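You asked for a short note on this model. My comments are set out below as numbered points.

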Amino acid sequence: MSRHYWLVKSEPDAFSWDEQVANDIEPWTGVRNHQAKKNLATMKKGDLAFFYHSNVGREIVGVVEVVKEAYPDPSAESGSWVCVDVKAVGPMPRPVTLAEIKASSELEDLALVRQSRLSVVPVSEEHWDILCGMGGWPV
DNA sequence: GCCAACGTTGGC
DNA sequence: GCCAACGTTGGC
């Protein structure tokens, strides 16, 4: 049973890494896209995800761990959307910028690059390792 | 069920 | 501020 890896995006103006660290565990709500919802629903406890700042910063700033699997998003009145709880694991020693990711031929298939509008995307183990290396994340 | 119009996201 | 990508809406 292998752990899965993800990348979640947030605009720091709306919810930043600093807030995630301050809150420690935070429900990842507000996803209103079916593909992203599917990804959320696939997440298992113990999965890790990069925390990416979209729009402002455009870089991976930290790592979070899934601590509660998909449940109905309380911020959705319809009840048909889901969220997960994520816990801050730690900051990237050296944030990995989108420019660096795009400059790497090894990462051209990363869903972050291919589907730039999707806010919850899977990351392969291979790509995870590459990105950890770039960010100085201890393996 | 098709497609044009429109809105949103997010990079530049 | 602009624009590309893409999702949603609504007329037919």
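1. Basis. This is a predicted model, in which local features need pLDDT of at least 70, side-chain atom pairs count only at pLDDT 80 or more, and totals for chains, interfaces and linings use all residues. Residues are numbered from 1 along each chain as its sequence is written, while chains are lettered from A and ligands numbered from 1 in the order in which they are written.

2. Overall make-up. Chain A contains 5 helices and 6 strands, where helices (H or I, at least four residues) and strands (E, at least two) are DSSP runs numbered from the N terminus. Along the sequence their order is β-α-β-α-β-β-β-α-α-β-α. The radius of gyration of chain A is 14 Å, close to the 14 Å that the globule rule gives for 139 residues, so the chain is as compact as a globular protein of that length. That radius is taken over C-alpha atoms, and the rule is 2.2 Å times the number of residues to the power 0.38. Along the principal axes, the C-alpha atoms fill a box of roughly 40 × 35 × 30 Å.

3. Of the 139 residues, 38% count as buried. A residue is buried if 20 or more other C-beta atoms lie within 10 Å of its own, exposed if 12 or fewer, and partly exposed in between, with C-beta atoms placed from the backbone. Two residues are in contact if their C-beta atoms, placed from the backbone, lie within 7 Å. Among contacts between residues at least 6 apart in sequence, 69% join residues at least 24 apart.

4. The sheet. The 6 strands form an open, mixed sheet in the order β2-β5-β4-β3-β1-β6; two strands pair if DSSP finds at least two bridges between them. β2 (25-28) and β6 (120-123) are the edge strands, each with a single partner, so one side of each has no neighbour in the sheet. On average, neighbouring strands are turned by 40° against each other, direction ignored. Axes here are lines fitted to C-alpha atoms, for helices over the stretch in contact, and angles run from 0 to 180 degrees between N-to-C directions.

5. Strand pairs. β1 (residues 5-10) and β3 (residues 48-53) run parallel and are joined by 6 bridges, with Phe 50 in β3 as the bridge partner of Leu 7. β3 and β4 run antiparallel, also over 6 bridges, and here Phe 50 stands opposite Val 63 in β4. β4 and β5 pair in the antiparallel sense over 10 bridges; Lys 68 has Asp 85 in β5 as its bridge partner.

6. Helix on the sheet. Helix α5 (residues 125-135) lies across β1, β3, β4 (59-72), β5 (82-97) and β6. The helix runs at about 45° to β5.

7. Ala 88. This residue lies in strand β5 and is buried, with 20 other C-beta atoms within 10 Å. Leaving aside neighbours within four places in sequence, Ala 88 is in contact with Gln 20, Val 21, Asp 24, Gly 62 and Val 64. Ala 88 and Phe 51 are 37 residues apart in sequence and 9.1 Å apart in space, C-alpha to C-alpha.

8. The β3-β4 turn. β3 and β4 form a hairpin with 5 residues between them. Asn 55 lies in this loop and has a positive phi near 70° although not a glycine. Asn 55 counts as exposed, with 11 C-beta neighbours inside 10 Å. Arg 58 lies in the loop between β3 and β4 too, with a positive phi of about 50°. Arg 58 is partly exposed, with 14 other C-beta atoms within 10 Å.

9. DNA strand B. Which residues are around DNA strand B? They are Lys 9, Glu 11, Ser 54, Asn 55, Arg 58, Leu 98, Ala 99, Lys 102, Ser 116, Arg 117 and Ser 119. A residue is near a strand or molecule if its C-beta atom, placed from the backbone, lies within 6 Å of it. Helix α3 (residues 98-103) gives the most to this surface, with 3 residues. By class, the surface has 2 nonpolar, 4 polar and 5 charged residues. Ala, Val, Leu, Ile, Met, Phe, Trp, Tyr, Cys and Pro count as nonpolar, Asp, Glu, Lys and Arg as charged, and the others, Gly among them, as polar.

10. DNA strand C. Asn 33, His 34, Gln 115 and Arg 117 are the residues around DNA strand C. This surface has no nonpolar, 3 polar and 1 charged residues.
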